[in-house]
Amino acid sequence: MTTPPDVTTTPTPAADHAPAPTAPAPTAAPVPTRAAPASTRPGPPPRPRPRVLLASTAGSVAALVLLVAVGTVLDQPLLIPPLAASMALVAGAPDLPLSQPRSVVGGQLLSALTGFAVLAVAGPGLWGAAVAGGLALGVMMLARTPHSPAAATAVIVALQSPPLWSFLGLLALASLLLVVVGLGSARATGRTYPVYWF
């Protein structure tokens with residue numbers, strides 16, 4: 001009678017029977033969602049209240065008539081177009097940066113000085129006027145006095161070659177007058193002007 005051979009088995013570590021660790025499942029990147037289109041398209045601004053409309057219009061007319069009178073006496077009627085555009089900003093959009101006193105007064109004076117600088121280099125003419133208008137916009141941006149109507153002031157200076165000091169004095173006076181009219185109109189209508197001074 002034979003005895004079966006002694007078969008010894010070595011126990012396998014428990015770790016060999018443990019399931020292999022699995023890597024975490026990759027998370028999918030979030031899919032960008034497109035915003036739903038607005039149901040209404042932008043339209044024109046709301047109609048102003050009657051009191052705002054009347055006060056703004058009356059103040060603008062009074063200021064521009066006064067400027068025409070002063071400009072006629074001083075023989076500078078061409079200042080009216082850019083100042084009318086300035087008045088439209090002050091009266092119609094008093095909360096914009098372009099309408100604030102810093103921009104109205106500073107932008108007009110800096111643009112006039114730019115026009116005089118171009119005039120000194122190139123003399124009066126259309127080409128110099130075009131350069132003066134473009135440079136005035138850059139100067140106003142650099143000085144943080146954005147006021148687009150003032151670019152027309154630089155063009156007028158480069159075209160007409162007005163006397164320096166009387167022109168600058170009239171321009172400063174006219175710009176301050178626009179600010180004063182803006183203050184009065186804001187008080188009469190309950191609006192805020194200026195948002196900042198300087």
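Phe-167 is buried in this predicted model, with a relative accessible area of 1%. Its ring takes part in the 1 aromatic pair that the structure holds. The partner is Phe-116: the two ring centres lie 5.9 Å apart and the planes stand at 80°, so the pair is edge-to-face. Planes over 60 degrees apart count as edge-to-face. The pair joins distant parts of the chain, since Phe-116 belongs to helix α4 (residues 101–122) and Phe-167 to helix α7, 51 residues apart. Phe-116 is buried as well, at a relative accessible area of 12%, and the cut-off for buried is under 20%.

Phe-167 also belongs to the largest nonpolar core, which has 26 residues; along with Leu-67, Leu-83, Met-87 and Tyr-193, Phe-167 is one of those that touch the most other members. Two or more residues of this core come from each of α2, α3, α4 and α7. The greatest share is that of α7, with 10 residues. In soluble globular proteins, nonpolar side chains tend to be buried together.

The chain contains 7 helices and 0 strands, and from the N terminus on its elements run α-α-α-α-α-α-α. Of its 198 residues, 36% count as buried.

Next comes the empty space. Rolling a probe the size of a water molecule over the atoms shows where such space is left. A search of the whole structure finds 1 cavity of 30 Å³ or more, and the volume of the largest cavity is about 40 Å³. Its lining consists of Leu-67, Gly-71, Gln-76, Leu-79, Ile-80, Leu-83, Leu-170 and Ala-174. Helices α2 (50–73), α3 (80–92) and α7 (164–189) each provide at least two lining residues. By class, the lining has 6 nonpolar residues, 2 polar and no charged.

The largest pocket has a volume of about 260 Å³. There are 13 residues in its lining, and those nearest the centre of the pocket are Pro-46, Pro-48, Val-52, Gly-92 and Arg-191. At least two lining residues come from each of α2 and α3, and α2 gives the most, with 5 residues. The pocket lining divides into 6 nonpolar, 4 polar and 3 charged residues.

Some backbone details remain. Most residues other than glycine have a negative phi, and most peptide bonds are trans. The peptide bond from Tyr-193 to Pro-194 is cis, with omega near -5°. Arg-144 has a positive phi, near 60°, and sits in the loop between α5 (126–143) and α6 (150–160). With a relative accessible area of 62%, Arg-144 is exposed. Ser-161 likewise has a positive phi, near 50°, and its place is in the loop between α6 and α7. Ser-161 counts as partly exposed, at 38% relative accessibility.

One further contact involves a charge and a ring. The charged end of Arg-102 sits over the ring of Phe-198, at 4.7 Å from the ring centre.

Terms used: Residues numbered from 1 in each chain as written. Predicted model: local features only at pLDDT ≥ 70, side-chain atom pairs only at ≥ 80, totals over all residues. Heavy atoms only, no water. 1 Å grid on protein atoms, 1.4 Å probe; cavity = no way out; pocket = protein on both sides within 12 Å on 5 of 7 lines; lining within 4 Å. Points joined across faces, edges and corners; volume = space filled by probe spheres on them. Helix = DSSP H or I, 4+ residues; strand = E, 2+ residues; numbered from the N terminus. Nonpolar A, V, L, I, M, F, W, Y, C, P; charged D, E, K, R; others polar. Phe/Tyr/Trp six-rings, centres within 6.5 Å; stacked < 30°, edge-to-face > 60°. Buried < 20%, exposed > 50% of the residue type's maximum accessible area, 1.4 Å probe, protein only. Lys NZ or Arg CZ within 6 Å of the ring centre and 35° of its normal. Core = buried A, V, L, I, M, F, W, Y, C linked by side-chain atoms within 4.5 Å.
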